[in-house]
Amino acid sequence: MNRRSWSLFVLVSVLWGIPYFLIKIAIDDLSPMLVVAGRCAIAAVALVPVALLRGSLSALRGRLGVIAVLAAVHIVGPFLLITYGETHISSSLTGILIAIEPVVIALLMASTEPITGIRTAGLVAGFAGVVVLVGLDVSGDRWALLGAGMVLLAALSYAFATKLVQQRLSDVPPDALTAATTTISTLVLIPFALFRLPADAGRVGADSWLALAGLGLLCTALAMLAFYRLIGLAGSNRAGLVTYVNPVVAALLGVALLHEPVGVGTVAGFLLIVAGCWLSTRPVGTSAEVPVNAG
């Protein structure tokens, strides 16, 4: 990957490393449905004017069907699954389950992008690093198995969405694509969210509203703009590796904000993830991924 791709990779990794933390804060006072609908609505309100000013919405003509599918598999479905799933399982287990995404993408793209021995080693090392970093915490309530299944299904959905963007929508400008998917998702979710409004909005803590705003503006609007562009520049296999780095961001936040100790597992997990990403992104002769134009 070139310098621009790596910059986008780091940006997306950071922006998608904090949602689990913000979701936990937001659902203290707000329903999961309202959190998901709210973050989509905030992102749409921020992005639609940008796309209108740039005149990029014309690229959506004739593609509303596939864009609606993308909204379902990249936003509505996984956002709901992860948000509800996190009410039953730990955030560490959530990170591990989401981290299977690069492996699923590699399998989905195997017909056009062969899985070499080096890439296999990178995928294994990266996933092992996630497990070592966050630890295998299977604690939860009696619905933990259901919660884990929901997050796992979200990871599969993310992988399919990443492949869909590369194969069908790589020429659509990221601002138009993100504005469209968040708008469609908002229209689908708002009717349900209206039945989940807090009984007394005055009792909702400021931290919950701020967490929701962060989820909408940073973790949805800005992150998806960068992610769709990253897919166009580096391909879906490399873009999907952000789920290996997300737990690193979460761990660093824990150290910086919660003064959590840096142990041997933290360092070992970080090194494994770095090695995994490096091995998985190395070009391999003629089978290397050919970048596509993101518009």
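**Reading nonpolar surface and core**

Guide: In this predicted model, leucine 11 is partly exposed, because its relative accessible area is 33%, which lies between the limits of 20% for buried and 50% for exposed. Leucine 11 belongs to helix H1, residues 3-15.

Visitor: What is the general idea for nonpolar side chains?

Guide: In soluble globular proteins, such side chains tend to be buried together.

Visitor: Which members of the largest nonpolar core touch the most other members?

Guide: The largest nonpolar core has 77 residues, and those touching the most other members are Leu70, Leu177, Leu189, Phe227 and Tyr228. H10 gives the most to this core, with twelve residues. A second, separate core has five residues, among them Leu47, Ala51, Ala179 and Ala221.

Visitor: Which residues does phenylalanine 227 touch, not counting residues up to four places away in sequence?

Guide: With those neighbours set aside, phenylalanine 227 touches Val12, Trp16, His74, Thr162, Ala239 and Val242.

Visitor: How is the span of helix H3 to be read?

Guide: One compares the reach from the first C-alpha to the last with the span expected at 1.5 Å a residue. Helix H3, residues 32-54, has 23 residues and reaches 33 Å, close to the expected 33 Å. Glycine 55 follows H3, and its phi is positive, near 70°.

Technical notes:
Residues numbered from 1 in each chain as written. Predicted model: local features only at pLDDT ≥ 70, side-chain atom pairs only at ≥ 80, totals over all residues. Heavy atoms only, no water. Helix = DSSP H or I, 4+ residues; strand = E, 2+ residues; numbered from the N terminus. Buried < 20%, exposed > 50% of the residue type's maximum accessible area, 1.4 Å probe, protein only. Core = buried A, V, L, I, M, F, W, Y, C linked by side-chain atoms within 4.5 Å. Contact = heavy atoms within 4.5 Å. Expected span 1.5 Å × (residues − 1).
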